[in-house]
Amino acid sequence: MSAPGALASRLEERLVGRSGTVGVVGLGYVGLPLAVGFARAGFRVIGVDADPARSALLTAGTSPVEDVSTADLQPLVRSGRLAVHPTGAALGEADAIVICVPTPLGKSKEPDISFIVAAADAVAAILRPGQLVVLESTTYPGTTDEVLLPRFSRDGLRVGSEFFLAFSPERIDPGNRTWGLARIPKVVGGVTPACRRLAEALYGQII
């Protein structure tokens, strides 16, 4: 058993040193710019998207997203810096995982969080001590604590000391050439202070 704080310290070193691996679940208009940003900063990136057509395009190095050019994406894919997978099985290798799946509105205008639930279940299946998970998907207050945390804690892992959980609302303005990913300030909230600090360390490398 690692000493309290040891896992957080090691993870922070990997994030600040950009020697870690980042997983991004959902490679749409939010997730793909993040994945490319982390890859260009020096991280190895594992991208996960369940849409077969999108995965095929990305694997070929072709971008379906306005804010990411194929010219920027292709060398990252060809070099292996950014690898695309159809399932979350490869996320076990990630030091930090960012969930960016869609939350379409239902008939009564409430967010449909079924994609978040599916992503959380996939992450829970591979979660190990020393990982950071950040939810970015647009959703209602309480989702991180009420939906993700119970799934990640069910095997006895302790949040804030063995794994780390945070929320950071997406702040992307598609097509805006002036205020892109790197220039828009990020809002971060952690379940514990250690979780918040690690999320800050993660995003601080690209924003």
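Of the 207 residues of the chain, 46% count as buried, where buried means under 20% relative accessible area, exposed over 50% and partly exposed in between, with a 1.4 Å probe and protein chains only. The model is predicted, so local features need pLDDT of at least 70 and side-chain atom pairs count only at pLDDT 80 or more, while totals for chains, interfaces and linings use all residues. Residues are numbered from 1 along each chain as its sequence is written, and side-chain values use heavy atoms, with hydrogens and water left out.

The chain holds 7 helices and 7 strands. Here helices (H or I, at least four residues) and strands (E, at least two) are DSSP runs, numbered from the N terminus. Their order from the N terminus is α-β-α-β-α-α-β-β-α-β-α-β-β-α. The chain is as compact as a globular protein of 207 residues, because its radius of gyration of 16 Å is close to the 17 Å of the globule rule. That radius is taken over C-alpha atoms, and the rule is 2.2 Å times the number of residues to the power 0.38. Along the principal axes, the C-alpha atoms fill a box of roughly 45 × 45 × 30 Å.

Contact means heavy atoms within 4.5 Å. Among contacts between residues at least 6 apart in sequence, 70% join residues at least 24 apart.

Two strand pairs can be set side by side; strands pair if DSSP finds at least two bridges between them.

| Strands | Bridges and direction | Residues standing opposite |
|---|---|---|
| β2 and β3 | 4 bridges, parallel | V45 and L82 |
| β4 and β5 | 4 bridges, parallel | I99 and L135 |

In a regular strand the side chains alternate between the two faces of the sheet. Strand β3 (residues 82–85) has a covered face with L82 and V84, and an uncovered face with A83 and H85. In β5, L132 and V134 point one way and V133 and L135 the other way, and all are buried.

Helix α6 (residues 143–153) has the buried residues T143, T144, V147, L148, L149 and F152. These buried residues of α6 pack against β4 (96–99), α5 (114–126), β5 (132–135) and β6 (164–167).

The chain exposes about 9500 Å², of which carbon and sulfur atoms supply 55%. Accessible areas come from the Shrake-Rupley method with a 1.4 Å probe; for residues, only the protein chains shown count as cover.
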